[in-house]
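Please look over the sequence and the model shown here before reading the briefing that follows.

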Amino acid sequence: MSATINKVCVIGAGTMGAGIAAQVANAGVPVLLLDIVPKDGGNRNAIAEGAVARMLKTDPAPFMSTRAAKLVETGNIEDHLGKIAECDWVIEAVIERLDIKQALYARIEEVKRLGTAVSSNTSTIPLAHLVEGRSDAFKRDFLITHFFNPPRYMRLLEIVSGPDSDPAVVDKVQAFADVAMGKTVVRAKDTPGFIANRIGTLWIQLGINEAMDRGLTVEEADAVAGKPMGVPKTGIFGLVDLVGIDLMPHLKASLTGTLAKDDPYQAIARDIPLIEKMIADGYTGRKGKGGFYRVNRDKGKQLEAIDLASGAYRPKAKVTGVSDAAAKGDLRALVETKGKLGDYAWALLSGTLAYAASLVPDAADDVVGIDDAMRLGYNWKAGPFEMIDKLGAQYFAERLSAEGKPVPALLTLAGDRTFYRVENGKRQFLGRDGEYHDIVRPEGVLRLADFKLNAKPLLKNASAALWDVGDGVACLEFTGKMNALDGEVMKLIGQAIPLVAQGYKAMVVYNDADSFSAGANLGLAIFAVNIAAWSEIEKLVAGGQMAYKALKYAPFPVVSAPAGLAIGGGCEVLLNSDAVQAHAELYTGLVECGVGLIPGWGGCGEMLDRARNAPGMPKGPMPAVAKVFETISTATVSKSAQQAKELMFLRPEDGITMNRDRLLHDAKRKALSLVEGYKPPEPPTFRLPGESGHTGLNMAAEGFHKRGMATDYDMVVSDALATVLSGGDADTVDIVTEADLLTLERQNFMRLVRDKRTVARIEQMLETGKPLRN
């Protein structure tokens, strides 16, 4: 048996199968994508080829780069099934029919090597049924790997093994899915719906039932079962619109047909005439004419909601009645809210959380598996047992009992205790034995939150902190809203450099949040503009330049470890680091032009330096300048870390981590690898095109303006950018230093920030999150 997975085969090129194949390719691993031969007798590989072509046009994109798409080899199961012999893992993702799957397995067994893992992406058919009639050898190599849609973006992977599954095969698949594909693996039991869909389907059905029975509107239900509960703001009805209303009858049929007759889901599963009519009329959600919500284009794109009683659409209404405390996630306040909103919250939460508590150990061995599955599979901020801790396990049990409802044994076992606690700096969970056990992270998984449990920051202020993360490495963390950057961040960087130099080997810039940094704090900037505090704004720009260059020229390696958004000033942190270890889902770029500004913290010079040294870049003063001008003036943002390399925001040698939970570990390892013999970089110097280059850049921008692709004010902003990138008054014979470029950045930034049109752009961005095209 191969100990590693070097090639994968996915059979079934539908939405899930194709998406799984794309994520394997995103990991840099060749993948064979097979489907049936079309009945029309034309191109025998048309189905798989068509799937790849569609994915290259899909948004959000299943592929992280066009390079990844080239790793997908397409074929069909009549001509190319024998190629399975080249693969170390075969993933079946065909239609959910047992007879079709079993027939396919018989054919796979004839051609696969011993030790090649075979898994099904099913979420409805028990593993024991899938392998009926197969040999013992096949059963040893078989498991279920249940991915969530879309496979690139949903981190959860439920793995189910059978009594005959070889643990080594299962571990091999888990390791590959974790490290290479970026999945957080939860081991589930071979029970209907496994974990996430079993709980999630009950939650959705219960939410719809209770809303209809209690006379709530869809807006009221979603206002309660959304942010206040710590679940996506779509709420329940919005979520069903997103995934497809027509999926609901299939989930219901699957679970009612496989769950025990006394399972609580059986008591609430019911046909809803309104939903049946919506599906019949094509109102299947966002993919159809609309759903519980729709956009009425005949009325100026008016957002409407359906009346659950009449089925008629009406303008979406604003909901009031949720207290500030409840709105901010106080679950006790939410369920104790007087009136129908509080009653609905309690009915939904009590039914869902009690059901989850009853599934240990039926669906998962412990509370951690349940909570991980719901956070990652349904994007809940807290899992069911974490929610119970917020309510209070004893309070929850006593209220259930007072209403004559069954109290799950696990709740009784907990008593007045919590399901999670921190003891001796370690997070622990309550086991079925009544004892607390340490939560053990897989090797290579580090979270800053774990270090915080048993330590105090080395430095801290309102916007940033510095932590000791072991092995002689310090971690700089941004802590403001969206990790925005301000004077406090710059102040702490200035304090951190000498402290790290004295007692540490290296520093990483990292945080556990969804976004690395959304850039400069625009709210503070607009406040300073409104009181004409120009000297304070210039002081902030100059202070940021000094802080970022202090990072760049620190006497120790600095490695940034971004995930999610790293835009504007956040991107400039990356550009001024010795190296970057990025999460694969990195969305980075210099977006300042979109709010009427230009990069002010060294981004222009750093991008020029990278562009002129990029492989294949033509020589001379103009090509690199033109390329950087195009990238910055259009506020281009990468759609992945791989694309960030193509855009030069990352270097070719910068690392990419697929699993978000492994990012800090990988960044530490990269930082330590740079320690021996480390020397800070030499400041760059440039020969720039000067006035002639400035004119050329403006002519290029004017072409966009004439075609309606650039506004009048875009021309003003691009002129300021062109001034910086061309070197101002310099000529090609002059040496332009890094300090010269910083001065040009600062001067032109200040020129733009005083303009009322820039102020208007910033204000609209703060109010709506959308750019103003003035």
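## Briefing on the predicted model

Trp89 is buried, with a relative accessible area of 0%, where buried means under 20% relative accessible area, exposed over 50% and partly exposed in between (1.4 Å probe, protein chains only). The model is a predicted one, in which local features need pLDDT of at least 70 and side-chain atom pairs count only at pLDDT 80 or more, while totals for chains, interfaces and linings use all residues. Residues are numbered from 1 along each chain as its sequence is written, and side-chain values use heavy atoms, with hydrogens and water left out.

**Buried residues and their surroundings**

- Trp89 lies in strand S4 (residues 89-92); helices (H or I, at least four residues) and strands (E, at least two) are DSSP runs, numbered from the N terminus.
- When neighbours within four places in sequence are left aside, Trp89 is in contact with Ile5, Lys7, Val8, Cys9, Thr116, Ala117, Ser119, Thr145, Phe147, Val173, Phe176 and Met181, contact meaning heavy atoms within 4.5 Å.
- With Ser119, the side chain of Trp89 makes a polar contact, side chain to side chain, at 3.0 Å; a polar contact is a pair of N or O atoms within 3.5 Å, and within protein one must be able to donate a hydrogen and the other to accept it, while residues adjacent in sequence count only if both atoms are side-chain atoms.
- Between Trp89 and Glu386 there are 297 residues of separation in sequence and 35 Å in space, taken C-alpha to C-alpha.
- Lys101 is found in helix H4 (residues 98-111) and, at 1% relative accessibility, counts as buried.
- Not counting residues up to four places away in sequence, Lys101 touches Glu92, Val94, Ile95, Glu96, Ser120, Thr122, Ile125 and Leu130.
- Leu202, placed in helix H8, counts as buried at 3% relative accessibility.
- Leaving aside neighbours within four places in sequence, the contacts of Leu202 are with Pro264, Tyr265, Ile268, Gly351, Thr352 and Tyr355.
- Leu202 and Asp712 are 510 residues apart in sequence, and their C-alpha atoms are 54 Å apart in space.

**Helix H11**

- Helix H11 (residues 247-258) has twelve residues and reaches 17 Å from its first C-alpha to its last, close to the 16 Å expected at 1.5 Å a residue; the expected span of a helix is 1.5 Å times one less than its number of residues.
- Met248, Lys252, Ser254, Leu255 and Thr256 are buried in H11, and the buried residues of this helix pack against helix H8 (196-214), helix H10 (235-243), helix H12 (264-268) and helix H13 (273-280).

**Helix pairs**

- Helix H16 (residues 340-357) and helix H19 (residues 393-402) pack at an angle of about 105°, with their axes 12 Å apart; axes are lines fitted to C-alpha atoms, for helices over the stretch in contact, and angles run from 0 to 180 degrees between N-to-C directions.
- H16 and H19 are therefore roughly perpendicular to each other, since angles under 35 degrees count as roughly parallel, over 145 as roughly antiparallel, 65 to 115 as roughly perpendicular and the rest as oblique.
- Trp346, Leu349, Ser350, Leu353 and Ala354 of H16 make this contact with Phe396, Arg399 and Leu400 of H19.
- The residues of the contact of H16 with H19 comprise six nonpolar, one polar and one charged, where Ala, Val, Leu, Ile, Met, Phe, Trp, Tyr, Cys and Pro count as nonpolar, Asp, Glu, Lys and Arg as charged, and the others, Gly among them, as polar.
- The axes of helix H26 (residues 603-612) and helix H32 (residues 738-753) come within 8 Å and cross at roughly 135°, which makes H26 oblique to H32.
- On the H26 side this contact is made by Gly603, Cys604, Gly605, Glu606 and Leu608, and on the H32 side by Glu738, Leu741 and Glu745; the residues divide into three nonpolar, two polar and three charged.

**Backbone features in loops**

- The peptide bond from Asp59 to Pro60 is cis, with omega near 5°, and Pro60 lies in the loop between helix H2 (46-55) and helix H3 (66-69).
- A cis peptide bond also joins Val360 and Pro361, with omega about 10°, and Pro361 is placed in the loop between H16 and helix H17 (367-378).
- Asn424, in the loop between strand S12 (420-423) and strand S13 (426-430), has phi near 55°, a positive value in a residue other than glycine, and counts as exposed at 69% relative accessibility.
- Met648, in the loop between helix H28 (641-646) and strand S23 (655-657), has a positive phi near 75° in a residue other than glycine, and counts as buried at 10% relative accessibility.
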